[in-house]
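Please read its points beside the sequence and the model.

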Amino acid sequence: MAPNREKIILKIENMTVRYGPIFALKKVNLKIAQGEIVVLIGSNGAGKSTLLKSIIGLEKPTEGHIIYQEKEISLWGPDHITRFGIFLIPEDGGIFRTLTVEENLQLGAYHFFSQYQERIEVVIKLFPVLKERLKQVAGTLSGGEQRVLAFGKALMSNSRILMLDEPSIGLSPKYIVQIFETIQALNQRGYTILLAEQNVIQASKYANRIYVLENGQIVLNGNASDLRNHPRIKEAYFGS
Amino acid sequence: MKVIIAQIINGIALGSIYVLLVTGFNLMFLVGKIIHFAYPYIVVISMYACWGLLKLTNNPLIAVFGTIISSILLHIMVEPLFRHINTRKGPIDINSSFIVSLGIALILTEIMSHQLNYGFPIAFPLNWMSSSIFLEINLIRISTGQLYTLLVSILIALALFILIYQTQLGRAFRAIAENISKARLQGIPILRLNLLLYGIAGLLGGIIALLFSMLIGSASPWLGEYIALKVLAVAIVAGLGNMKGGLICGLVLGIVESLIIHFLPGSWSNALAFLMMLFVILIRPRGIFNKNSIES
């Protein structure tokens with residue numbers, strides 16, 4: 001789906017997150033238009049995960065605003081935000097390892113359980129591997145299958161924006177390509193994607209726009225095609 | 001032989017109450033992330049509420065509802081204390097919850113010792129105890145109280161297991177039990193479900209109080225401690241948080257206790273529970289059914 005640059009669905013204004021005297025994020029500004037794939041890049045500890053956690057309501061901003069579909073959501077809790085259409089897939093996938101695949105998917109539809117049947121059909125059509133594994137305990141799935149389940153769970157919710165925290169971490173190169181292709185496929189189905197990644201080479205291939213975080217601050221942002229050739233990015237991430 | 005069969009029947013009735021108590025205790029441990037040592041104490045003070053209501057109104061229906069409501073209210077009242085402990089920054093400190101629960105237990109014991117019935121044990125009316133005989137074959141007797149206890153316990157245990165394993169609420173409870181941070185991220189409303197959990201624990205506690213009052217017909221300020229120690233022993237023997245293990249161990253303890261009473265003085269029953277606990281801790285430190293999970 002081509003992004004609609006006119007329609008900003010998520011806007012972060014001057015957001016600061018502090019743990020005591022330490023700034024995890026400082027005056028962060030970010031905009032996401034409907035249908036975009038936006039990638040946050042930065043080294044470990046740059047503040048990528050904190051930014052995603054703040055959007056989903058796990059961390060409360062000390063200052064600033066998070067506006068989703070023209071509503072201020074910075075003080076909302078994760079249950080409210082998830083119901084309202086933002087879903088975060090954490091680094092480990094966020095699946096419940098002792099529950100079955102089916103139970104994980106049922107929990108994905110926690111706030112919309114009446115629509116479970118129609119949603120599961122869509123998810124299984126997209127990820128047929130889950131159909132064979134429905135009764136299997138999620139902890140016994142392979143790493144790649146667990147990522148697929150994490151995607152399935154996210155699609156069971158009412159999300160419009162999917163946020164992914166380093167989805168390629170710990171996966172083999174073959175799975176990494178698959179993960180990014182899945183992200184692109186989901187984007188084509190209408191999902192807006194916000195992705196925190198260290199695998200800049202892969203992520204930048206699929207991104208519309210890139211934000212670079214360093215020490216909790218946005219130091220660069222722009223179209224992916226422009227930033228790929230930016231000397232700072234080239235030096236830091238492409239080794240040239 | 002007939003005496004032994006009779007004692008086994010007594011034991012099953014008693015054990016079924018232990019099963020409910022341990023189930024409530026384990027549910028609080030897994031989902032509420034607390035060691036709710038005061039749980040049996042709240043059951044006992046609900047027995048006092050039942051006794052008081054019976055005395056005041058002489059109406060069993062009011063007593064039944066009053067007991068259940070008092071147990072639910074007491075649980076809802078203590079919920080903010082545990083919530084405060086569990087929502088502090090950093091990892092959940094289950095030891096603090098144990099100390100707080102112990103404090104609640106001591107306060108409840110003091111209230112019962114000084115403020116209720118002048119500290120004397122209470123006795124329920126004979127007609128409340130359902131001591132009429134339902135079935136009698138030689139020495140083997142099953143009272144209607146025992147029958148009620150058994151039937152209600154089976155129904156409640158079944159309902160709880162269906163709730164936990166077959167419903168969306170149960171799945172959410174199990175998700176919280178596995179990992180509260182992931183559950184929060186999933187959008188599961190932790191605070192609301194926590195309150196509901198205390199409500200369910202209160203409902204269960206109220207029913208246990210009713211069953212206990214019908215089965216043993218009396219209560220004293222020290223009954224809470226007597227039961228709490230056993231519940232703790234059973235939960236540890238089964239494996240803390242192991243719902244199915246608690247079911248088996250609770251039943252076994254009830255039967256063994258009843259058999260012991262036949263051969264030894266009744267006061268040995270507590271020692272036996274702790275002997276079992278020590279033995280199990282030595283050879284299986286995480287309990288017989290050793291997975292600390294609601295799934296096991």
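**Notes on the two-chain model**

1. Val17(A) is found in strand β1 of chain A; helices (H or I, at least four residues) and strands (E, at least two) are DSSP runs, numbered from the N terminus. This is a predicted model, in which local features need pLDDT of at least 70 and side-chain atom pairs count only at pLDDT 80 or more, while totals for chains, interfaces and linings use all residues; side-chain values use heavy atoms, without hydrogens and water, residues are numbered from 1 along each chain as its sequence is written, and chains are lettered from A and ligands numbered from 1 in the order in which they are written.

2. Val17(A) counts as buried because its relative accessibility is 1%, where buried means under 20% relative accessible area, exposed over 50% and partly exposed in between (1.4 Å probe, protein chains only). Leaving aside residues up to four places away in sequence, Val17(A) touches, among others, Ile22(A), Phe23(A), Leu25(A), Thr50(A) and Pro61(A); contact means heavy atoms within 4.5 Å. From Val17(A) to Gly144(A) the separation is 127 residues in sequence and 33 Å in space, C-alpha to C-alpha.

3. Helix α3 of chain A, residues 101–108, is mostly covered, with eight of its eight residues buried. Among them are Val101(A), Glu102(A), Leu105(A) and Gly108(A). The buried residues of α3(A) pack against α4 (116–126), α5 (129–132) and α6 (143–156) of chain A, and also against α5, α6 (168–178) and α7 of chain B.

4. How many residues of each chain are in contact with the other chain? Chain A contributes 26 residues and chain B 21. Between them the chains bury about 2,000 Å², 57% of it on carbon and sulfur atoms; buried area is the accessible area (1.4 Å probe) that two parts lose on being put together, summed over both. Phe96(A), Thr98(A) and Tyr110(A) supply 31% of the area that chain A buries against chain B, more than any other three residues.

5. The largest pocket holds about 1,100 Å³ of space. On a 1 Å grid over the protein atoms alone, a pocket is an open set of points with protein on both sides within 12 Å along at least five of seven lines, a cavity is a set where a 1.4 Å probe fits but cannot get out, and lining residues have an atom within 4 Å of a point. Grid points are joined across faces, edges and corners, and a volume is the space filled by probe spheres set on the points. Of the 41 residues lining the largest pocket, Leu58(A), Thr87(B), Ile180(B), Ser181(B) and Arg184(B) lie nearest its centre. The largest share of this lining, five residues, comes from α7(B).

6. The second largest pocket has a volume of about 400 Å³. Its lining comprises 21 residues, and the closest to the centre are Leu14(B), Phe212(B), Leu215(B), Ile216(B) and Glu257(B). With five residues, α1(B) gives the most to this lining.

7. Residues lining the largest cavity include Ile89(A), Pro90(A), Arg147(A), Phe151(A) and Leu164(A). The largest share of that lining, three residues, comes from α6(A).

8. The whole structure has zero disulfides over all chains, a disulfide being a pair of cysteine sulfur atoms within 2.5 Å. Cys50(B) is buried at a relative accessible area of 0%, and Cys249(B) counts as buried at 7% relative accessibility.
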